[in-house]
Amino acid sequence: MASYIELSYWDLAAASVLVLIDAALSIIFGLRIHRSLLFAATRMTVQLALVGLVLTFLFAVVSPLWTGLAALGMILFAVLEITQRQERRLSGWWSYGLGTGCMMIASVVVTVFALLTALRPTPWYDPRYAIPLLGMTLGNWMTGIALGLHTLTTSLVSRRASVEAQLMLGATRWDAAAPVTREALRSALMPTINSMSATGLVSLPGMMTGQILGGVSPTEAVKYQILVMFLIAGGTALGAVAAVLGGVFRLTDGRHRLRLDRITAVKPT
Amino acid sequence: MPAVLQVRDLRTSILKRVSFTLSAAECIAVKGPSGAGKTLLLRAIADLDPNQGVVTLDGRDRSTIAAPEWRRLVGYVPAEPGWWAETVGEHFREWQAASACLRKLGFSEETRTWPITRMSTGERLRLALVRALMVRPKVLLLDEPTAALDAASEAAVESLISSRIQAGVAVLWVTHDEAQAKRIARRRLVVEAGRVCQETDQWPAT
């Protein structure tokens, strides 16, 4: 890949001047965002530098244990994000437990599926494939699952009377919650559908452009991107179904009652 | 008359222990100030909120009956019924079977396609009543079924329920109206601050 241009630290330092200009603008116009701006830029730099080190280590050892631990860490950060986005959380262990469960299902099924069928690296757990794959898909699954859970809890609260009306007439908890379940699943999947429609026209995905910058031919990079989009779609659907059905299960009980007392309202952070 | 519904030591986090029996073809009026727990009592019997105690129907323990089945046997009509579809007709499994009942309460055939949002509070109450009757419950739990109705509609609802009582249905009827309580029931439960007491009228029900 002769066309690949390496960046020096001086290049980065030069580019960081742009951020300093942002900060200067903030001071000139009294926007009062220069502190958070600089903090965010520093944090991003440190986080990415650490990730670079971690990836270098992972690629050097190629161990299933370390790859698995890194994947687990990424999943747990995603779960934290899902839970903190909810205005109404499931009470007790369920709030984090359900998110972890769904993300695990999506990650394990979809990533392993991709590694064993489409990519087939040797060994199959090679972190050079497994970790970037997870990194590109996880964030999208997270958005879908968070949206699905948010819609579920919000709709169950606002449409309590209509759900209970069906229960009163002898519907099971799954039948009574079906309209809300459908709504939650739809809202979980909409962002994926929208991003698939817009990809290529409105935005060039970072992963594909990254490969092109790295010297891969555009047609090859496009193939990878299509694979990743399918993995995102598959994982979102899987994770959202698990999250929403798990949520319905938790917010109803064996006597087919609606149990909104198992929701704790929190102020969004 | 044999007891249809037996309630023993029924209680929730708010409702204090309550025991009573309801016979076939009997109606008990439930009275008490707003917020005293009348709705909670009906919800607990319908098993819509977590509760403890023993409730039996024709001698069968509620815990041995699946909850959906129980709620088809013990029908509850809340004061503010819910709607899950857009038109009136979609809330009835068999519109034809319901239409005789609906006509008695002043609804015509074309009501079927009307949107729920167009119905008044009183109309919704009556629709919900018919919807619950269509399931053919043995016990009816009614939460102020005539609260938002004019005199004519109130009379129509009372006569419809009376006909069901004569056919053997047992009814627990929440009402604020003293005259109505006397018309419909001989016995009454008085709910106050989560406590339930029984009273019997001296005069016979008409």
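## Exercises on chain A and its contacts

In this predicted model, A:V19, A:D22, A:A23, A:S26 and A:I27 of helix α1(A) meet A:H34, A:L37, A:L38 and A:A41 of helix α2(A).

**Exercise 1.** Describe the makeup of chain A: its elements, their order, its span and its buried share.

*Solution.* 
- Step 1. Chain A has 9 helices and 2 strands.
- Step 2. Read from the N terminus, the order is α-α-α-β-α-α-α-α-α-α-β.
- Step 3. The C-alpha trace of chain A spans about 70 × 55 × 40 Å along its principal axes.
- Step 4. Of the 269 residues in chain A, 33% are buried.
- Step 5. Take the contacts in chain A between residues at least 6 apart in sequence: 73% of them join residues at least 24 apart.

**Exercise 2.** Into which domains is chain A divided, and what does the side of domain 1 that touches domain 2 consist of?

*Solution.* 
- Step 1. Domain 1 of chain A runs over 1–61 and domain 2 over 63–265.
- Step 2. The C-alpha centres of these two domains of chain A are 29 Å apart.
- Step 3. Domain 1 of chain A puts 8 residues into the contact, and domain 2 of chain A puts in 9 residues.
- Step 4. On the side of domain 1 of chain A that touches domain 2, there are 7 nonpolar residues, 1 polar residue and no charged ones.

**Exercise 3.** How many residues does each chain give to the contact between chain B and chain A, and which element of chain B gives the most?

*Solution.* 
- Step 1. Chain B supplies 18 residues and chain A supplies 15 residues.
- Step 2. On the side of chain B that touches chain A, the elements giving two or more residues are α2 (67–73) and α4 (121–133) of chain B.
- Step 3. The most comes from α2(B), with 5 residues.
- Step 4. By class, this side of chain B has 10 nonpolar, 1 polar and 7 charged residues.

Key
Residues are numbered from 1 along each chain as its sequence is written. Chains are lettered from A and ligands numbered from 1 in the order in which they are written. This is a predicted model: local features need pLDDT of at least 70, side-chain atom pairs count only at pLDDT 80 or more; totals for chains, interfaces and linings use all residues. Helices (H or I, at least four residues) and strands (E, at least two) are DSSP runs, numbered from the N terminus. A residue is buried if 20 or more other C-beta atoms lie within 10 Å of its own, exposed if 12 or fewer, and partly exposed in between; C-beta atoms are placed from the backbone. Two residues are in contact if their C-beta atoms, placed from the backbone, lie within 7 Å. Domain bounds come from an automatic or database domain assignment. Ala, Val, Leu, Ile, Met, Phe, Trp, Tyr, Cys and Pro count as nonpolar, Asp, Glu, Lys and Arg as charged, and the others, Gly among them, as polar.
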